[in-house]
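Hello,

Here is the structure we talked about. My notes follow below it.

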Amino acid sequence: MPNPIALAIPFFFLLMGVEIFFARRRRLSLYRFPDVIADISCGMTQQILLVFEVAALTGGYVWLYQHRLFTFAAGSIWPWVIAFFAVDFTYYWWHRLSHRVNVLWAVHAVHHQSEDYNFAVALRQAVLSVWTIWPLHLPLALIGIPPVTFLIVDSFSTLYQFWIHTELVGKLGWFERVFNTPSQHRVHHAVNPRYLDRNYAATLCIWDRLFGTFVEEREQPVYGLVKPLASFDPIRAQIHHFLDMAGRTGRYRGLDKLRVWLNGPEWDHPPAPEITRAEQRKHAVQLSPRETTFLAATLVLAIVGTTALLWFQDLVPWTLKAVLAAFLLALIAIWGLLLDRRAIWNRTASVASTEPGPL
C-alpha cells in the first residue's frame, strides 16, 4: 500500500505556500526561516527512521490480528466505523498521557518547541512518538480491525491534524462543537497558564468536552514551551528533555528519582507565569546571505531525497536506503550545527506589528 504521508508531501508544501501568500496579504509574518528548517528537519528525521521501523511496527499488529477475537464479514462497514472512533479515542488518551507523564512528555515536547504557529509546525514530530502510541493501537488488532483499515484510518487522522496548525483560520461556528479546529489547537500549543494541558483532540473534540479538558480560545495564545528550548538544532530538539530529566534525577534520592520520570513535567518546577506576545523573547539566529542560500538549497535537496526514500522504500535495496538515510541525517545534523553557531535573543515586541492580533 502506498504511504499516504509520502503522497501528501507535495500538498503540505503547497498549503504552506498558500498560507504564506495569504499571511502576506494580511501583513502578517507567520514564518521564520530557521524555525521552518527546524520544524521540517524534525519531521524528516522521524520519517527517515520510520522507513527502517515500519516492518516491526506493522509486523506486531499483523501478528496480533492473526490471533483476533472477532472477524467482521467481508465488505462490512463496521471495521471502518470502529477504527475511526477507536483511533481517535486512543489518540486523545495517548496525547493526554504524553502531557502528564514526564518521560512521555520528553518525546512529545518536540512537537511543542516552536515559538511560531503555522503549517510547518505540523511537520515537527518526535522520532519516538510512533513507539509510545504503538502499544495503545495493538488492541484494535485483537478486536478484528484489519491492518490495511487501521493504517488508512490512522494515516488520515494524522493528515487531518495538518490543517489545524494555522493562525489564519478563526472560529468555525457549529463545526467546533464536534471537530477539532485551528482555534482549539492553538490553545493546545499555547503556554498561557489557562491553556496548558488542554484540547488534546485529533479529529473529534468530543473527548475533550466529555472528559473536562476542553478550553475555548479567548486571549491571544503564546506558543512554545514554558521552559523554551532556545535552539534550532533538530538533534538537540529530540533529546533535550531526556537530558534535562537525567540531570534532575541526579539531584534526588529514593522514589523522587522515579517521580522525575513519571510525574507531570511541572513537578518540582514553579507555576507557569502569565505571558503575552509582547513579553515573549523568541529564540532567533542571524544568518548571512551565503548561509541562507546554503540552507535553502540543501533543504530542497533533502526534501526531494526524503520524498524519494518514502516513495520507493519497498523497491530499493536495504543498503541503498541506508546510504541515502545516512546522507540525509548527516545533512540535518549540519543544519543544527550551523543554526546554533550564533544565537541571539530578539524581543517579539520589536515585530509586534507583524504578529496576528487578538481573535
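Phe211 is partly exposed, with a relative accessible area of 30%. Bear in mind that this is a predicted model. The residue sits in helix α9 (residues 206-211). Its ring pairs with that of Tyr92. The two centres are 5.7 Å apart and the planes meet at 25°, so the pair counts as stacked. Tyr92 belongs to helix α3 (residues 78-100), so 119 residues separate the partners, and the pair links distant parts of the chain. Tyr92 is buried, at 0% relative accessibility.

Which residues make up the aromatic cluster? Phe89, Tyr92, Trp93, Tyr200, Trp207 and Phe211 form it together.

The search of the whole structure gave 19 aromatic pairs. One of them joins Tyr61 and Phe150. This pair is stacked too, with 4.8 Å centre to centre and 15° between the planes. Here again distant parts of the chain are linked: Tyr61 is in helix α2 (residues 33-65), Phe150 in helix α7 (residues 147-160), 89 residues apart. Tyr61 is buried, with a relative accessible area of 4%. Phe150 is also buried, at 7%.

Two arginines sit over rings. The charged end of Arg68 lies over the ring of Tyr65, 4.2 Å from its centre. The charged end of Arg209 does likewise over Phe214, at 3.9 Å from the ring centre.

Now the helix that carries Phe150. α7 has 14 residues. From first C-alpha to last, α7 reaches 20 Å, close to the 20 Å expected at 1.5 Å a residue. Its buried residues are Pro147, Thr149, Phe150, Val153, Ser155, Ser157, Leu159 and Tyr160. What do they pack against? The partners are α1, α2, α3 and α6 (129-142).

Next, α12 (residues 289-311). This helix has 23 residues and spans 33 Å from its first C-alpha to its last, close to the 33 Å expected at 1.5 Å a residue. Its buried residues include Glu291, Leu295, Leu299, Ala302 and Ile303. Further along, Gly305, Thr306, Thr307, Leu309 and Leu310 are buried as well. The buried residues of α12 pack against α1 (4-25), α2 and α13 (318-339).

Thr298 deserves a look of its own. Thr298 lies in α12. Is Thr298 buried or exposed? Thr298 is buried, because its relative accessible area is 10%, under the 20% cut-off. Its side chain reaches the backbone oxygen of Phe294 at 2.7 Å. Leaving aside neighbours within four places in sequence, Thr298 is in contact with Leu331 and Trp335.

Last, the cysteines. How many disulfides does the structure hold? The count is zero. A disulfide is a covalent bond between the sulfur atoms of two cysteines. Cys42 is buried, with a relative accessible area of 0%. Cys205 is buried as well, also at 0%.

If you open the model, please start with the ring pair of Tyr92 and Phe211. Then go to Tyr61 and Phe150.

Best wishes

Note on methods: Residues are numbered from 1 along each chain as its sequence is written. This is a predicted model: local features need pLDDT of at least 70, side-chain atom pairs count only at pLDDT 80 or more; totals for chains, interfaces and linings use all residues. Side-chain values use heavy atoms; hydrogens and water are left out. A disulfide is a pair of cysteine sulfur atoms within 2.5 Å. Buried means under 20% relative accessible area, exposed over 50%, partly exposed in between (1.4 Å probe, protein chains only). Helices (H or I, at least four residues) and strands (E, at least two) are DSSP runs, numbered from the N terminus. A polar contact is a pair of N or O atoms within 3.5 Å; within protein, one must be able to donate a hydrogen and the other to accept it, and residues adjacent in sequence count only if both atoms are side-chain atoms. Contact means heavy atoms within 4.5 Å. Rings of Phe, Tyr and Trp (its six-membered ring) pair if their centres lie within 6.5 Å; planes under 30 degrees apart count as stacked, over 60 as edge-to-face and the rest as tilted. A charge sits over a ring if NZ of Lys or CZ of Arg is within 6 Å of the ring centre and within 35 degrees of the ring normal. The expected span of a helix is 1.5 Å times one less than its number of residues.
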